[in-house]
Protein chains: 2
Amino acid sequence: MTFKLFYTTITMHANVFWEKYGFFTERSKSIMEISLRERKKIKSRQALADAASQLFLEKGFENTTADEIAEKAELSRSTFFRYFKTKEAVVFPQQQERMERLRELIRNHEKDHTPFGAVKLGLLDMAAYFMEHRDELTVQRRIVQASPSLQYRQVDFDREWEDVIAEHLLAATRFKRADEHRARYIAGAVFGLIEAVLRGWFDEGCQGDLVKMGGDSMDILVEGIGGGEFDR
Amino acid sequence: MTFKLFYTTITMHANVFWEKYGFFTERSKSIMEISLRERKKIKSRQALADAASQLFLEKGFENTTADEIAEKAELSRSTFFRYFKTKEAVVFPQQQERMERLRELIRNHEKDHTPFGAVKLGLLDMAAYFMEHRDELTVQRRIVQASPSLQYRQVDFDREWEDVIAEHLLAATRFKRADEHRARYIAGAVFGLIEAVLRGWFDEGCQGDLVKMGGDSMDILVEGIGGGEFDR
DNA sequence: GTAAAAATAAGACTCAGTTCTATATAAAAT
DNA sequence: ATTTTATATAGAACTGAGTCTTATTTTTAC
């Protein structure tokens with residue numbers, strides 16, 4: 001029942017409202033301002049996401065058909081594919097919101113820090129956000145881990161992070177071509193680092209201090225590995 | 001006709017023989033030692049890979065069906081799926097060989113260098129290998145670039161690189177738990193860096209000096225970004 | 001209340017991938 | 001050389017994802 005609560009809460013706030021109304025909380029915009037049609041759409045999408053999550057947890061991703069999800073949500077298969085472009089998409093309903101959050105968090109530090117500093121602080125803020133929502137992440141992780149076909153799709157989604165990082169680093173290197181390459185390389189390295197950290201955190205059951213892990217790991221990049229035990 | 005030659009040559013040496021006979025060149029083992037049955041299997045696999053490549057280049061990956069590939073190769077659809085687990089697999093027939101090559105190249109430097117040094121030198125050797133085979137890589141890239149669904153699959157294959165890197169770095173940290181984390185983070189960063197470098201190289205039409213690009217980029221990791229323009 | 005717009009249901013369709021069976025052909029045994 | 005055994009292949013039936021079209025229902029606007 002914790003899961004049920006989680007999915008209802010998270011998907012509502014973080015994903016469904018997002019599409020049309022942007023990033024806001026229940027305080028900044030009342031549900032009552034939304035038309036009946038919109039409310040029904042939210043309900044439908046929610047029903048599909050909930051049904052899918054339950055079935056995926058019960059029987060696994062591969063063993064669940066789109067028909068079953070639609071049936072459980074009391075909607076048609078057509079409607080399922082209207083709301084989610086693919087069966088895989090329903091596993092990651094909050095991807096878009098997370099990406100925009102990351103962008104915003106980095107933007108918050110842009111004024112007071114260098115490009116890399118803003119990226120680093122934004123990522124650490126994101127780490128804190130992840131820790132707050134470790135329960136959701138654990139559920140999603142459980143579904144993804146149980147399905148090989150979902151694992152690279154997860155990677156695919158995470159890859160968008162690199163674009164956001166590169167985007168911010170590149171903003172500081174307009175008209176400087178040499179720096180552009182350097183920015184892209186650093187974005188790649190930062191992204192690879194983050195993936196490794198996240199993997200480690202997940203594998204430990206999301207129990208560690210992700211902010212500290214992230215900070216420590218990024219210090220490797222800042223200081224370089226020239227003096228370490230892996231020196232060439 | 002360069003393409004045709006490429007596919008015949010590469011797939012034969014790098015992939016088909018690989019499965020049963022391991023990594024060798026035409027000098028180390030004559031084709032005549034191989035039984036008729038094996039030769040036919042090679043021919044079938046080759047015919048399928050060739051037919052697929054041609055059709056993918058002509059009509060794109062998504063617009064080519066497994067039936068068409070089989071028909072062009074004068075084999076049945078069943079046979080196609082016997083040789084290639086998925087339609088996507090036929091696009092990357094040399095993946096296994098490249099991975100083993102990387103392992104070997106890193107291993108060559110293990111004796112004379114620290115773990116990171118061996119990884120770095122192995123990767124630069126690999127860069128040289130890539131430059132030698134830029135024509136094949138360009139063709140493959142063209143097919144992959146034209147198909148969104150193949151792009152993340154490529155990422156998926158490349159991901160194996162990180163495992164190889166991590167594997168070698170970890171070998172040096174047995175019994176040292178703190179270093180294990182550090183090794184994984186570094187592997188992630190190196191891998192992310194390499195992906196960024198390769199992407200840049202591909203996007204420039206494989207014309208740049210990949211070895212130099214790789215070396216320069218890895219120096220960022222060695223020296224750190226603390227003193228650069230992206231300092232925090 | 002009515003007309004326009006949008007959401008949904010239903011079903012036909014394509015194609016990837018699996019499974020099974022029958023047949024052809026190569027390898028091994030005698 | 002002939003038989004036996006192993007395996008490559010063809011073919012066909014099947015499942016399920018995703019697309020597309022059409023008809024029906026629901027919401028909104030007037």
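Reader: Which residues touch the most other members of the largest nonpolar core?
Author: This is a predicted model, and in it A:Val190, A:Leu193, B:Val190 and B:Leu193 touch the most other members of that core, which has 61 residues. A second, separate core has 17 residues, including A:Leu48, A:Phe56, A:Ala70 and A:Val90.

Reader: What is B:Leu193 in contact with, leaving aside its neighbours within four places in sequence?
Author: The list covers both chains: A:Tyr185, A:Gly188, A:Ala189 and A:Gly192 from chain A, then B:Ser217, B:Met218 and B:Leu221 from chain B. Each pair counts as a contact because the C-beta atoms lie within 7 Å.

Reader: What makes the phi of A:Glu74 worth a remark?
Author: The angle is positive, about 60 degrees, although A:Glu74 is not a glycine. In chain B, B:Glu74 also isn't a glycine and has a positive phi, near 55 degrees. B:Glu74 sits in the loop between H3 and H4 of chain B.

Reader: How do you know whether B:Glu74 is buried or exposed?
Author: Go by the count again: B:Glu74 has 11 C-beta neighbours inside 10 Å. The limit for exposed is 12 or fewer, so B:Glu74 goes down as exposed.

Reader: And why does B:Glu38 count as partly exposed?
Author: B:Glu38 has 16 C-beta neighbours inside 10 Å. Buried takes 20 or more and exposed takes 12 or fewer, so 16 falls in between and B:Glu38 is partly exposed. B:Glu38 belongs to helix H2 of chain B. Its C-alpha atom is separated by 22 Å from that of B:Arg98, 60 residues apart along the chain.

Reader: How do you know that the span of H2(A) agrees with what its 24 residues should give?
Author: At 1.5 Å a residue, H2(A) should span 34 Å, and its end C-alpha atoms are 34 Å apart, so the two agree. Just after H2(A) comes A:Gly60, with a positive phi of about 90 degrees.

Reader: Which residues of H2(A) are buried?
Author: They are A:Arg45, A:Leu48, A:Ala49, A:Ala51, A:Ala52, A:Ser53 and A:Phe56.

Reader: Which residues come nearest to DNA strand C?
Author: Among the 21 residues around DNA strand C, those are A:Ser76, A:Thr79, B:Ser35, B:Thr65 and B:Lys87. Helix H2 (36–59) and helix H4 (77–83) of chain A give two or more residues to that surface, and so do H2, H3 and H4 of chain B. H2(A) gives the most, with four residues. By type, the surface divides into four nonpolar, eight polar and nine charged residues.

Reader: What about DNA strand D: which residues come nearest?
Author: A:Ser35, A:Leu36, A:Arg37, B:Ser76 and B:Thr79, out of the 21 residues around DNA strand D. H2(B) gives the most to the surface near DNA strand D, with four residues.

Reader: Where does pLDDT stay under 50 in chain A?
Author: Over residues 1–32, for which the model has 37 contacts beyond four places in sequence. Where pLDDT is low, the predicted coordinates should not be read in detail. Chain A averages a pLDDT of 79, and 80% of the residues score at least 70.

Notes:
Residues are numbered from 1 along each chain as its sequence is written. Chains are lettered from A and ligands numbered from 1 in the order in which they are written. This is a predicted model: local features need pLDDT of at least 70, side-chain atom pairs count only at pLDDT 80 or more; totals for chains, interfaces and linings use all residues. A residue is near a molecule or strand if its C-beta atom, placed from the backbone, lies within 6 Å of it. Ala, Val, Leu, Ile, Met, Phe, Trp, Tyr, Cys and Pro count as nonpolar, Asp, Glu, Lys and Arg as charged, and the others, Gly among them, as polar. A nonpolar core is a set of buried Ala, Val, Leu, Ile, Met, Phe, Trp, Tyr and Cys residues joined through C-beta atoms within 7 Å. Two residues are in contact if their C-beta atoms, placed from the backbone, lie within 7 Å. pLDDT is the predictor's confidence in each residue, from 0 to 100. The expected span of a helix is 1.5 Å times one less than its number of residues.
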